[in-house]
Amino acid sequence: MQGSRWKYCCVLLQVLGFEVDTVNSVQFSNHTGYAHWKGQVLNSDELHELYEGLKLNKVNQYDYVLTGYTRDTSFLAMVVDIVQELKQQNSNLVYVCDPVMGDKWNGEGSMYVPKDLLPVYRDKVVPVADIITPNQFEAELLTGRKIHTEKDALEVMDMLHAMGPETVVITSSDLQAPLGNDYLIALGSHRKSNADGTKMTQRIRVESPKVDAVFVGTGDLFAAMLLAWTHKHPNNLKVACEKTVSAMQHVLQRTIKSAKAQAGEGNKPNSAHLELRMVQSKKDIENPEIIVKATVL
């Protein structure tokens with residue numbers, strides 16, 4: 001369930017062999033990275049009506065639910081009701097939530113959705129999620145704890161585990177990367193229960209080269225990629241994240257190369273130039289060459 005950037009996720013998941021039913025949480029003319037956009041926001045009644053149609057036809061059987069950008073609290077609360085009902089039908093259903101709320105610019109965080117979404121995410125959505133993919137700012141919002149060091153980030157991920165999800169990936173951060181300032185850090189943590197009831201946690205760090213451009217839809221792409229690769233590697237977060245981040249790097253590098261060519265020498269690419277090159281990256285999505293390695297912590 002997502003908005004106008006969701007086309008990226010649909011392409012990706014279909015390429016990787018998933019059947020996808022899409023519900024647009026917003027129906028916009030284009031993504032909000034452009035100067036102007038027009039369209040509608042789906043409310044909870046409209047979502048309920050669509051879901052009732054699926055139920056009446058007995059086609060509401062799913063293995064995964066993936067959610068991202070939304071601006072309506074009632075819609076978000078309805079998502080929780082639907083996920084809980086689907087989990088009653090299929091106890092193995094995995095809910096992947098990208099809790100899209102905001103980001104940091106020049107070290108300062110700000111929300112770009114209504115502030116009343118935060119308590120709904122924190123108190124209702126995250127507890128029913130199996131995998132969450134917040135950025136650093138969103139992880140700080142959800143836990144009420146600031147991240148200044150890698151140790152802080154690991155403790156924040158433990159706090160998020162305690163709220164419900166078995167897998168937590170902080171998709172981007174402003175932490176200092178061991179490889180240097182030209183790299184971006186992502187951190188992941190997967191907690192699983194052993195047969196004897198004890199819990200084991202795998203933690204990883206991924207450092208990927210920074211790309212000098214502002215893209216829209218990379219968070220959506222990350223969540224969908226992670227869904228796909230954790231499905232294929234359910235107990236190996238290291239491999240799943242390596243494939244996710246490597247595939248993203250291929251897409252972003254191809255996109256920036258194409259954008260610069262369209263903009264012309266000396267000109268800055270605009271939002272249209274920077275639309276992610278998904279179709280052109282089909283082979284890299286299907287079988288990404290591993291160009292980014294994860295470190296087990």
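R191 is partly exposed, with a relative accessible area of 22%, and its side chain meets that of D158 in a salt bridge with an N to O distance of 3.1 Å. The model is a predicted one, and a search of the whole structure finds 16 salt bridges. The points below take up this pair, two further pairs and one network.

**K104 and E140**
- The side chains of K104 and E140 form a salt bridge at 3.5 Å, N to O, and the pair links strand 5 (residues 102-105), which holds K104, to helix 5 (residues 136-143), which holds E140, across 36 residues.
- K104 is partly exposed at 22% relative accessible area, whereas E140, at 6%, falls under the 20% cut-off and is therefore buried.

**R254 and D284**
- In the salt bridge between R254 and D284, the closest N and O atoms are 2.9 Å apart; because R254 lies in helix 8 (residues 237-263) and D284 in helix 9 (residues 282-286), the pair ties together parts that are 30 residues apart in sequence.
- R254 is partly exposed, with a relative accessibility of 31%, while D284 is buried, with a relative accessible area of 16%.

**A network of salt bridges**
- R145, K151, D152 and E155 are connected to one another through a network of salt bridges.

Notes. Residues numbered from 1 in each chain as written. Predicted model: local features only at pLDDT ≥ 70, side-chain atom pairs only at ≥ 80, totals over all residues. Heavy atoms only, no water. Salt bridge = Lys/Arg side-chain N within 4 Å of Asp/Glu carboxyl O. Helix = DSSP H or I, 4+ residues; strand = E, 2+ residues; numbered from the N terminus. Buried < 20%, exposed > 50% of the residue type's maximum accessible area, 1.4 Å probe, protein only.
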